[in-house]
Amino acid sequence: ARGDVVGAVGQTAKAAMEEANARACEQRRWVLNEKRLLAAVGLDGLASHFARVPRRTAGLTRWVEAVACALDRAR
C-alpha cells in the first residue's frame, strides 16, 4: 500500500519460494538448488505474475493479492 515496488516484489518472491520449499518437504524431496524449484513442485505458473509487476501503488496491491490467490489455488 506504500508503493514500495522492490519490497513488495521481494517479499512476494520470498513467499513463493517458501511455499515451494514447503511443498518439497511434503514430497520428501531434498532441494540443493532452487533454480528450478517452482517448476519442480508445480508452481511454475507463478512466473507469469512476476513478468507483469505493476509500478503504481493500487496495481501493486492487486498484484500481490493475485499472487497470493494463485498460491492458494495451487494448494
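Student: How many salt bridges does the structure hold?
Tutor: The structure holds 2 salt bridges, a salt bridge being a side-chain nitrogen of Lys or Arg within 4 Å of a carboxyl oxygen of Asp or Glu. This is a predicted model, in which local features need pLDDT of at least 70 and side-chain atom pairs count only at pLDDT 80 or more, while totals for chains, interfaces and linings use all residues. Residues are numbered from 1 along each chain as its sequence is written, and side-chain values use heavy atoms, with hydrogens and water left out.

Student: What makes E18 and K14 a salt bridge?
Tutor: The N to O distance between their side chains is 3.2 Å, and the cut-off is 4 Å, so the pair E18 and K14 qualifies.

Student: Where do E18 and K14 lie?
Tutor: Both are in helix α1 (residues 5-26), 4 residues apart, about one turn of the helix. Helices here are DSSP runs of H or I with at least four residues, numbered from the N terminus.

Student: Why is E18 called partly exposed?
Tutor: Its relative accessibility is 44%. Buried means under 20% relative accessible area, exposed over 50%, and partly exposed in between (1.4 Å probe, protein chains only). E18 therefore counts as partly exposed, and K14, also at 44%, counts as partly exposed.

Student: Are R23 and E19 buried or exposed?
Tutor: R23 is buried, and E19 is buried too.

Methods. Helices (H or I, at least four residues) and strands (E, at least two) are DSSP runs, numbered from the N terminus.
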